[in-house]
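Have the structure open while you go through them.

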Amino acid sequence: MKISMKVNGVDYENDIEPRTLLVQYLRETLDLTGTNIGCDTSQCGACTIHVNGEAVKSCTMLAVQADGATITTIEGLANDGELHPVQKAFCENHGLQCGYCTPGMIMASVDMLKNNPNPTEEEIRHGLEGNFCRCTGYHNIVKSVKAAAVSMKGGA
Amino acid sequence: MYAAEFDYVRASSIEEAISLKAENDDSSLLAGGHSLIPAMKLRLSTPQKLIDISGLDQLKKISKNGSHISIGSLCTHKQCAESEIIQSNCPALSDAASVIGDPHVRTKGTIGGALAHSDPQADYPGATLALNATFVAKGPSGERTIEVDDYFIGLWETALGEGELLTEIRIAINSMNANSCYVKFPQPASRYPYVGCGVSLSSNNGTCSDIRVGFSGVGEWAFRDSGVESTLKGQPLNDSTIASAADKAAEGKTVLNDHFVSEEYRRAMSKVYAKRAMMQLS
Ligand SMILES: Cc1cc2nc3c(=O)[nH]c(=O)nc-3n(C[C@H](O)[C@H](O)[C@H](O)COP(=O)(O)OP(=O)(O)OC[C@H]3O[C@@H](n4cnc5c(N)ncnc54)[C@H](O)[C@@H]3O)c2cc1C
Ligand code: FES
Ligand code: FES
């Protein structure tokens, strides 16, 4: 089946099997391996990306369902080599250890901050309920999101 | 590849979806995909054809329609959680929608998909039982309505016919539904409810004049709890009458038992959550 979509500003058109998951299409067809797969049960959030501006789990969507969509993955977040403020905040606040959950955490955090630019700690924890981290204990992830919220207040 | 092979087709109208379903024995409707796709990935479900109804915009509206609220079956959990119409007229439903899974699940999952799927561990069933909802189904032989009390009929089983599409959920606008809530004891990782309790309650001079209590997550399918209801109805609303009513929770019902939560613990938590819900409304 033919599909087309815009991923990180680039237009793509491919012929794929309907059973291809969106995450597989991104990783295996487009070679965008920044989006990870952490589970088979739609729970971990490692695969979180933005489809038409909203955070979704790309392992729980078929690529054919994203036909015509505009997609952003972790590879598309930086602007001309300049890291996104949320990416910077994760670096500066030790918001990752092994880094496996990080692309999903960052995509989820960017979406959360768009809807709620000044979240409380509790709101951050609730907002990241769909993203599991097996290393950090979440403490520095929450700290990173808080720091990003502060740094983005200048209108970044 | 995760899922078995299948054909995929997008329905451009409700009528087309119904006829595609009728023409294809082994087909499934695809709404938000957040129950169906996980099941297909594990090959617990292997439909030959997927009929994608997610583009049917006429099923994505929430509106006031005379004496009731009308919720299109393709409204997402997020829409239901954030709708001012739902929050002010039947808060049990927005309460339930707001605690489903996580934000990403709520962005994609739909109320119609959840009610058609009827997972024993789902949130809307308990809330819609409390709210005395009416479901509108369309199939090859036309449209019909199903009352919530007749809807949940077995494990993963609803009164929806094989070829029928759930199109709308209706909730009456009245003071009892406006005084409703849904509380939940979630599985800490998946967030599916071990116990979900919806209550709507009306009172007159401090006396409970009517009450509906719905449980999900507790039994093999969602049920109304007439034991709790009849114990509180007609009684003055206070801590002790509410405690006595809550004590009847799930009495005489078959209660689930799994390696996370035993039957005994689920029964105990049913009482706790029924009490919390009733206290919140009194
Ligand atoms: C990680 C995770 C956590 C979750 N946590 C919860 C939770 O805490 N509580 C909870 O209640 N749910 C939970 N869910 C399930 C979620 O709510 C689903 O969105 C919902 O159960 C199915 O809705 P859907 O729109 O995604 O339907 P789909 O997956 O598209 O469809 C589900 C089934 O319903 C049928 N169907 C869909 N729409 C219709 C229709 N209009 N008419 C007739 N048949 C139809 C489909 O053919 C299919 O058989 C969770 C899911 C995930 C992945
Ligand atoms: S890979 Fe785990 S939720 Fe998508
Ligand atoms: S940093 Fe290792 S899983 Fe989160």
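1. First, a term for what follows: a salt bridge here is a side-chain nitrogen of Lys or Arg within 4 Å of a carboxyl oxygen of Asp or Glu. E129(A) and R191(B) make one across the two chains, with their closest N and O atoms 3.7 Å apart.

2. Some housekeeping. This is a predicted model, in which local features need pLDDT of at least 70 and side-chain atom pairs count only at pLDDT 80 or more, while totals for chains, interfaces and linings use all residues. Residues are numbered from 1 along each chain as its sequence is written, chains are lettered from A and ligands numbered from 1 in the order in which they are written, and side-chain values use heavy atoms, with hydrogens and water left out.

3. Back to the chain contact. Chain B puts in 30 residues and chain A puts in 30 residues, where contact means heavy atoms within 4.5 Å. About 2600 Å² is buried between the two chains, and carbon and sulfur atoms give 59% of that. Buried area is the accessible area (1.4 Å probe) that two parts lose on being put together, summed over both.

4. The rule also finds five residue pairs in polar contact across the interface of chain B and chain A, both residues at pLDDT 80 or more. A polar contact is a pair of N or O atoms within 3.5 Å; within protein, one must be able to donate a hydrogen and the other to accept it, and residues adjacent in sequence count only if both atoms are side-chain atoms.

5. Which elements give two or more residues to the side of chain B that touches chain A? They are β1 (7-10), α2 (36-41), β3 (49-52) and α6 (103-108) of chain B. α6(B) gives the most, with five residues. Helices (H or I, at least four residues) and strands (E, at least two) are DSSP runs, numbered from the N terminus. By class, that side of chain B has 15 nonpolar, six polar and nine charged residues. Ala, Val, Leu, Ile, Met, Phe, Trp, Tyr, Cys and Pro count as nonpolar, Asp, Glu, Lys and Arg as charged, and the others, Gly among them, as polar.

6. Now the ligand. Ligand 1 lies between chains A and B. Of the 32 residues around it, L29(B), H34(B), S35(B), T110(B) and D123(B) come nearest, a residue being near if one of its heavy atoms lies within 4 Å. On the backbone side, an N or O atom of G32(B) is 2.8 Å from an oxygen atom of ligand 1, and a polar backbone atom of H34(B) is 2.7 Å from an oxygen atom of ligand 1. D123(B) uses its side chain: a polar atom there lies 2.7 Å from a nitrogen atom of ligand 1.

7. Within chain B, have a look at K21(B) and E162(B), whose side chains meet in a salt bridge (3.2 Å, N to O). The two are 141 residues apart, with K21(B) in helix α1 (residues 14-23) and E162(B) in the loop between β9 (157-158) and β10 (165-172).

8. Last, chain A. It is divided into domain 1 (2-76) and domain 2 (85-152), with bounds from an automatic or database domain assignment. The C-alpha centres of these domains of chain A lie 21 Å apart. In their contact, 18 residues of domain 1 meet 14 residues of domain 2. Across this interface in chain A the rule finds zero salt bridges, but nine residue pairs in polar contact, both at pLDDT 80 or more.
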